[in-house]
Each structure stands twice: as structure tokens, then as C-alpha cells.
Amino acid sequence: MQQLSIWEQETFYAPQDIVIAGAGFTGLWTALHLKEKYPGQKITIIEKGIIPSGASTRNAGFACFGSLTEIISDINLMGVQKTFELINLRYLGLKMIRQYFNASLIDYDNCGGFELLDNDSCFEQIHTINQLLYPITHLTKTFVQQDEGIKEFGLANISHLIVNPLEGSLHSGKLIQALTQLVISKGVQILYATELKEFEESPKGVTIYTNQNIKLRTTKLVFCTNAFAKQILPDIDITPARGQVLLTEPIEGLKLNGVFHYDEGFYYFRNLGNRILLGGARNTSFETEYTFDDVTSVSIQQELENFLEKVVLPGQTPAITHRWAGIMGMGGDKFPIVKQLTDKTHCTVHLSGMGVALAPMIGRMMAEQL
């Protein structure tokens, strides 16, 4: 172990009431809610990267409510009650973001969500879904068919367009920065480049062994590392899944404005100013995308480029200026895991690619559990 000065031992590495592993959206919201609920508690977040890694700063910047076909798919997977509990968490999470942060600070744009359809098989369920959503959204029609938007946006090779007014976009990096500044102002300490390698429980608390050859001691330990929790908690029901993204050069006369989904949300795109940000296509190669490797692959990027040229910008081949990937946490179903593991350890993981919207409420749930 490193030799620490008395000053370091009594400040940065002093025993804590709560240590949170992970400084992404879930860890930051959890710390914020805990500090507001228990202002006298000593809380430290440890983060293995020099900035938050995983998906929080490597996503597509969607403030995601959910698309019609994705909701139908979720009902088939989880049932009606669990699906709409999940939707409610996302709805309240997006609302909470806007309560805490001015839209201009995080580039929040409630631009509306659009789903591209190549058939009308879901139309027979749209009325029922809207009825089920009314207690959450208080809208008589959350999802509305708006086929005239296909031409308006310049899309091609699709048959129908569904719109809902509840989705938006934001700047993920600015939201992380704003959250970080807020939790620090509340008295939360963040130790970057500090990875939890092992932990050991005793009657007195938890000892955390880090990559810095330094031990941390805490009364409670909370894992907010999403997919990466699997590396330290092998029995947890979570699987890493890579989400890949590309960004085009500026496009003169771009007609798109909003956030868009296709194929149950497996493809998603939006305008970023006058550029197109496009992600997804994981469903074309599930096995290769169940990985911790956050480097883009040729095959998925080619699928995205094909979709871009066929559907989003038909007949155009804009240059791609940026490519990146983030690691999401998936599992048996799409409901987050918020649970107590032992007397002294807890976890909130498995956000299924919806961390921006879910983390505010999941963090609150963990604060209440602790």
C-alpha cells in the first residue's frame, strides 16, 4: 500500500459513510439524492477513468421516452405492468432533469420523437397503448400517425411515421459536467482514475482495494457501474452491450429536426445542428456486440452508413467525421436492478441503454433504499 501523509489520510482518504463506484449518470444522481436526503453523510464517488467511462459520455444524446414498437416489444417481454412502470420512471426522470438544470445549460431540446415504420402492423395497438399511457403522460394521444413528415424530413424507403411530443435531445457531456459540479457543491468528493479492484466486508464496514494501491474504508458501498459491475459482481444478471454511433459532416439544407427511431429502437438518429448523428444496428450482429470493447467495428459502421444513405439521407453520401462506441448494461429484461446485495453493499445497474432518462429516478430509489 502507498504511504499516505496524515493530511491525505484525514481528507481524501478518510473513512466514508458511503462510497459509490462509478461517476456516470447513475452514480452522480445517486450521490445527489443521498446528499440531499442525508446532508451530514460523508460521500465519495470513485471513478476508474479520468472522465466517466461506459455509456454516460459515449451515447447519442437522446432524452428517451420510448417508441411505439419498442413499448409493444417490451410488453411482450415483461408484461404490461412492468413495462409501464419503466416508462413512468423514464418520464419522471426526464422531468427531473429539467427541474434541476436550465435547458440552455445542457442543450436540452424537447424537439419531439419520431418513429419510422415500414408496415402498419402496430396500428391496431396504438389506441390501447395511448390509453395505458394516459395516467403517465395525461395526453389523450401520446403517439399519433403523421405520415406527411416523411416528405417533410426528406426520408425514404419507409411507409409511416409516428410522432410523440415527449422525447428530446441533450448534450451528454454538458449534463455530466453540470451534475458533477452540483454534487461537488453539495460536498461530495470524486476520486478519478481510481478503480475498485476488490472489496472486503467486515463487521466494521467495507475495505476497498484500488488500482492506486490505496485502501478506502466505508460503511456502505454502492455499485453504479452498469455493465462493468459484472467484472466485480459476476453473479449479477447483466451483460455488456456495445452501442455504436457515427456523425456526419455538416449537410447543407438539412431538413431533419428531432429524434428518430426505427426497428424497435435498434436504429436511432437525430440532427446535431446541421449534422446527422446516427447509432445502433446492434441487432444485426448481437453476438459481436456483447462485449466490453468500446472501439467501433467495421461491420456495424457499414450497416449504419447503409441505413444513412438508404433511409435518412437518400441519394447522399456525406463524409463521416466522428465514430465512437459506449458500453450499455443489458439483461434478462429491461428493468433496472436496484437492490441490496449484502448488509453493507448495494447496486443500481442494468439501464438497458436508457440511462439518461432512468438514472435520475434510479438514483432516488437507491437513496431511499439506503
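In helix H8, the buried residues are Ser172, Leu175, Ile176, Ala178, Leu179, Thr180 and Val183. The model is a predicted one. An α-helix has 3.6 residues a turn, so residues three or four places apart point the same way. The cover over the buried residues of H8 includes helix H2 (25–37), helix H4 (80–100), helix H5 (103–106) and strand S8 (189–191).

The length of H8 can be checked against its residue count. At 1.5 Å a residue, the 14 residues of H8 should span 20 Å, and the C-alpha atoms at its ends are 20 Å apart, so the two values agree. Just after H8, Gly187 adopts a positive phi of about 105 degrees.

Leaving aside residues up to four places away in sequence, Thr180 touches Leu28, Ile190 and Tyr192.

**The sheet**

Elsewhere in the chain, 8 strands make up an open sheet with mixed pairing, in the order S5-S6-S4-S13-S14-S15-S12-S16. Its edges are strand S5 (144–145) and strand S16 (320–330), each of which pairs on one side only. Helix H6 (residues 123–137) packs on this sheet, where it touches strand S4 (113–117), S5 and strand S6 (160–164). The direction of H6 makes about 5 degrees with that of S6.

Within the sheet, strand S13 (residues 259–262) and strand S14 (residues 267–272) run antiparallel and are joined by 4 bridges. In this pair, His261 of the chain stands opposite Tyr268 in S14.

**Leu304 in helix H10**

A further residue to look at is Leu304, which lies in helix H10 (residues 298–312). Is Leu304 buried or exposed? With a relative accessible area of 0%, Leu304 falls under the 20% cut-off and is therefore buried.

Which residues does Leu304 touch, not counting those up to four places away in sequence? They are Gln244, Val245, Leu246, Tyr267, Leu278, Gly279, Gly280 and Ala281. One of these contacts, Leu246, is 58 residues from Leu304 along the chain, and the C-alpha atoms of the two are separated by 7.8 Å.

Technical notes:
Residues are numbered from 1 along each chain as its sequence is written. This is a predicted model: local features need pLDDT of at least 70, side-chain atom pairs count only at pLDDT 80 or more; totals for chains, interfaces and linings use all residues. Side-chain values use heavy atoms; hydrogens and water are left out. Contact means heavy atoms within 4.5 Å. Helices (H or I, at least four residues) and strands (E, at least two) are DSSP runs, numbered from the N terminus. Buried means under 20% relative accessible area, exposed over 50%, partly exposed in between (1.4 Å probe, protein chains only). The expected span of a helix is 1.5 Å times one less than its number of residues. Two strands pair if DSSP finds at least two bridges between them. Axes are lines fitted to C-alpha atoms, for helices over the stretch in contact, and angles run from 0 to 180 degrees between N-to-C directions.
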